Amino acid sequence: MAEERIPVLETRKLGITFGGLVAVSDFNIKVFRGELVGLIGPNGAGKTTVFNMLTGVYKPTEGSVLLEGEVLNGKKTHQFVAAGIARTFQNIRLFKQMTVLENVLAAFTKDIKYGMIETLFRTPKFWKTEKELKEKALDLLSIFHLEDKAEYVAANLPYGQQRKLEIARALATDMKLLLLDEPAAGMNPTETTELLECINAIRNRFGIAILLIEHDMSLVMNICERIQVIDYGITIAEGLPEEIAKNPKVIAAYLGQ
Amino acid sequence: MIKNRTAQGYLLNTVVIAVLLIGFAFFKGALGGGGEFKLIIVPSIWQCCYLIILAASLNLSLGFLGQLSLGHCGFMAVGAYAAALLSLAAERAGVFEDKSGTAFLLVLAGCIIAAGILAAIVGLLVGIPALRLKGDYLAIITLGFGMIIVNIINNLPFAGQEGLALGSASASLYKNGLGFGTALKVTYIWVAIAVTLVCLVMMFMFVRSKYGRAIRAIRDDEIAASASGINTSYYKTFTFAYSAFFAGVAGALYACANATLSTSSFAFANGGILNSTFVVVMVVLGGMGSLTGSIVAAVIMFLVNYQIKNGVWVQHLPAWLQNIFSFPMLVYAVILIIVIMFRPKGIFGSYELSLRNFFSDIKLQRQNRLAQKLESKEALRNG
Ligand SMILES: Nc1ncnc2c1ncn2[C@@H]1O[C@H](COP(=O)(O)OP(=O)(O)OP(=O)(O)O)[C@@H](O)[C@H]1O
Ligand SMILES: [Mg+2]
């Protein structure tokens with residue numbers, strides 16, 4: 001039974017207010033291993049704000065975030081990542097002046113065991129680690145067909161590939177839960193289809209949980225197993241894609257836009 | 001035949017440095033250690049050495065980590081005074097008699113390392129609170145810390161306002177402690193060169209490792225860096241202290257190369273070469289994020305400074321220009337503005353001059369530029 005498993009991600013009454021503005025309130029979600037859950041809602045509904053609370057960028061004013069039963073409240077962003085939550089950003093945030101390969105390598109930092117001594121004396125352990133990581137990074141890049149662009153400066157990649165690189169970088173953190181903030185935004189239909197294939201490939205290969213924000217309703221309906229809809233920071237519906245598509249509240253929220 | 005390209009690069013660099021050193025030794029022999037060599041070239045090399053270390057180390061925090069710190073010379077002052085006072089203490093304790101022999105070399109090495117470590121500790125103490133701020137605020141607070149450090153040294157009973165020459169430590173560095181006279185500067189020139197090489201190697205190793213990647217990631221996007229699992233405050237503070245370490249070492253070399261120490265030479269507003277703005281100009285000129293750029297820029301700025309103050313041609317310039325030249329800070333400011341206007345990324349940008357990769361790098365850069373053009377065309381079409 002799904003109910004008895006520990007969800008990868010669970011939030012309890014999560015909420016945040018900015019000054020007087022209640023951006024998100026009473027947000028509850030459970031995401032299980034291997035699941036792909038969609039988080040949708042009109043502009044300014046609070047979707048990105050939820051992601052920011054799930055990664056420690058914003059401190060929630062109420063409620064808690066649990067990863068595999070462990071409460072993460074009050075931790076710093078890098079500790080959220082260490083616990084196993086990785087994300088991408090709505091407006092791409094790459095390490096622009098670094099190469100494609102270095103972007104992925106940088107995300108390995110927290111798992112690298114060598115220290116200053118090994119760095120200064122270039123011990124065999126240093127070389128071994130670097131070599132292994134490079135192979136691992138190229139392997140991740142190959143999922144997104146970026147391996148032959150490894151030496152390109154990230155800022156020089158076309159838009160669609162930048163989005164893919166951001167996902168590859170998130171995968172490098174060895175996460176249990178992947179948060180994707182509008183990964184298909186600004187992509188043309190071919191790029192979007194390609195991206196969907198990638199997302200499916202990732203899910204099958206790593207067996208992780210994915211929470212996806214997306215504006216494109218048809219895309220969400222196609223690939224998500226469950227969908228949660230928020231409007232003005234309040235959950236107005238959750239359930240299977242076909243239920244959501246028929247839900248009058250959801251239709252009203254989207255039409256009212 | 002060596003397959004490994006990295007090993008090839010190391011070998012190539014070692015060979016070239018060895019050839020340069022041998023060339024230098026010949027050069028020294030050819031001049032016969034004559035007046036000009038002793039009085040001009042050797043002191044210039046000393047000065048270049050600590051300027052190179054200073055610029056390259058500031059580049060770690062300014063170019064690679066992306067944090068504007070205006071207090072770098074404060075850390076240099078810590079190093080200079082630490083080394084000078086330690087060497088005086090060692091001499092008083094009778095560890096060495098004259099400035100030769102193994103005992104002195106050991107004291108010298110100890111002083112240099114201690115100077116670095118003390119500066120790193122001060123860097124850590126400054127960095128922990130200061131690095132919570134960003135951008136202009138960080139610049140202002142580090143500027144303040146730099147001044148505070150210099151003032152603290154000023155008020156130390158054993159260092160004194162007048163510097164170590166006349167302060168209560170009373171002995172002139174020239175005769176005692178570390179300070180080298182003309183002859184000793186020639187004898188120990190290898191110390192300056194060796195220390196500089198070791199420092200540069202330590203910095204290169206640092207930037208070409210997980211540390212370098214982490215801090216460049218922080219520079220490019222701090223939020224994305226922490227969302228990629230990088231402990232940003234740890235890496236920022238560590239780099240700040242690491243960079244202060246080398247400023248301290250540069251300070252120790254400064255103490256060796258000068259007969260007297262005076263806090264005013266490290267003060268922010270001093271008109272000489274050792275103020276934190278001058279160091280920033282060197283880093284920006286060379287290229288933020290390029291250690292080789294810093295090396296080249298340090299030498300260029302040294303030459304500019306030297307020519308402005310000692311060049312024969314200056315006397316033939318119109319009087320108003322000469323007047324400007326008597327305020328070198330103005331000239332540096334103009335250089336900074338020109339660089340920012342015409343080559344905002346500095347001479348080298350973030351490119352590292354590498355003997356091994358010189359040609360393949362040029363190819364790659366062209367590829368990258370081409371890709372950038374294509375991308376902007378595409379963006380135009382789509383947008
Ligand atoms: N740091 C902040 N300070 C004040 N208000 C904020 C802050 N961050 C978000 N908000 C507000 O919270 C609300 C939700 O914003 P959010 O970015 O989460 O929306 P979204 O659902 O991601 O919208 P979109 O689809 O446009 O990306 C908005 O009204 C926004 O103005
Ligand atoms: Mg958003």
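Me: Looking at this predicted model, how many residue pairs are in polar contact between chain B and chain A?
Reply: There are 12 of them between chain B and chain A, with both residues at pLDDT 80 or more. Keep in mind that the model is predicted.

Me: And which elements of chain B give two or more residues to the side that touches chain A?
Reply: That list is helix 1 (5–31), helix 7 (189–207), helix 8 (210–220), helix 9 (222–227), helix 10 (232–257) and helix 15 (358–382) of chain B. Helix 8 of chain B brings the largest share, eight residues.

Me: How do the residues on that side of chain B divide into nonpolar, polar and charged?
Reply: On the side of chain B that touches chain A, 18 are nonpolar, nine are polar and nine are charged.

Me: What area is buried between the two chains?
Reply: About 3200 Å² is buried between chain B and chain A, and carbon and sulfur atoms give 58% of that. In chain B, the residues losing the most area to chain A are B:Lys210, B:Arg213 and B:Ser228, together 20% of what that side buries. As for residues, the contact takes 36 from chain B and 37 from chain A.

Me: OK, salt bridges. How many between chain B and chain A?
Reply: The count there is three. In one of these, B:Arg213 pairs with A:Glu130, and the closest N and O atoms are 3.0 Å apart.

Me: How many salt bridges over all chains?
Reply: The structure holds 18. There's one within chain A between A:Lys176 and A:Glu68, with the closest N and O atoms 3.4 Å apart.

Me: Why does that pair tie together parts that are apart in sequence?
Reply: A:Lys176 lies in the loop between helix 6 (159–171) and strand 7 (177–181) of chain A, while A:Glu68 lies in the loop between strand 4 and strand 5 of chain A, so the pair links parts 108 residues apart in sequence.

Me: Switching to sheets. What's the order in the open sheet of four strands?
Reply: In chain A the order is 2-1-4-5, with antiparallel pairing. Strand 2 (21–31) and strand 5 (70–71) of chain A are at the edges with a single partner strand each, so one side of each has no neighbour in the sheet.

Me: How many bridges join strand 1 to strand 4 in chain A?
Reply: Five bridges join strand 1 (residues 9–18) to strand 4 (residues 62–67) of chain A, and the two run antiparallel.

Me: Which strands does helix 1 of chain A lie across?
Reply: Helix 1 (residues 47–54) of chain A lies across strand 1, strand 2 and strand 4 of chain A, at about 115° to strand 1 of chain A.

Me: What about the open sheet of six strands, what's its order?
Reply: Also in chain A, the order is 6-7-8-3-9-10, and the pairing is mixed. Strand 6 (85–87) and strand 10 (234–239) of chain A are the edge strands, each pairing on one side only. From one strand to the next, the twist averages 20°.

Me: How does strand 10 pair with strand 9 in chain A, parallel or antiparallel?
Reply: Antiparallel, over five bridges, with strand 9 of chain A covering residues 226–231. A:Val229 stands opposite A:Ala237 in strand 10 of chain A.

Me: And which strands does helix 7 of chain A lie across?
Reply: Helix 7 (residues 189–206) of chain A lies across strand 3 (36–40), strand 7 and strand 8 (209–213) of chain A, running at about 155° to strand 8 of chain A. Helix 10 (residues 248–255) of chain A lies across strand 3, strand 9 and strand 10 of chain A, at about 130° to strand 10 of chain A.

Note on methods
Residues are numbered from 1 along each chain as its sequence is written. Chains are lettered from A and ligands numbered from 1 in the order in which they are written. This is a predicted model: local features need pLDDT of at least 70, side-chain atom pairs count only at pLDDT 80 or more; totals for chains, interfaces and linings use all residues. Side-chain values use heavy atoms; hydrogens and water are left out. Two strands pair if DSSP finds at least two bridges between them. Contact means heavy atoms within 4.5 Å. Axes are lines fitted to C-alpha atoms, for helices over the stretch in contact, and angles run from 0 to 180 degrees between N-to-C directions. Buried area is the accessible area (1.4 Å probe) that two parts lose on being put together, summed over both. A salt bridge is a side-chain nitrogen of Lys or Arg within 4 Å of a carboxyl oxygen of Asp or Glu. A polar contact is a pair of N or O atoms within 3.5 Å; within protein, one must be able to donate a hydrogen and the other to accept it, and residues adjacent in sequence count only if both atoms are side-chain atoms. Ala, Val, Leu, Ile, Met, Phe, Trp, Tyr, Cys and Pro count as nonpolar, Asp, Glu, Lys and Arg as charged, and the others, Gly among them, as polar.
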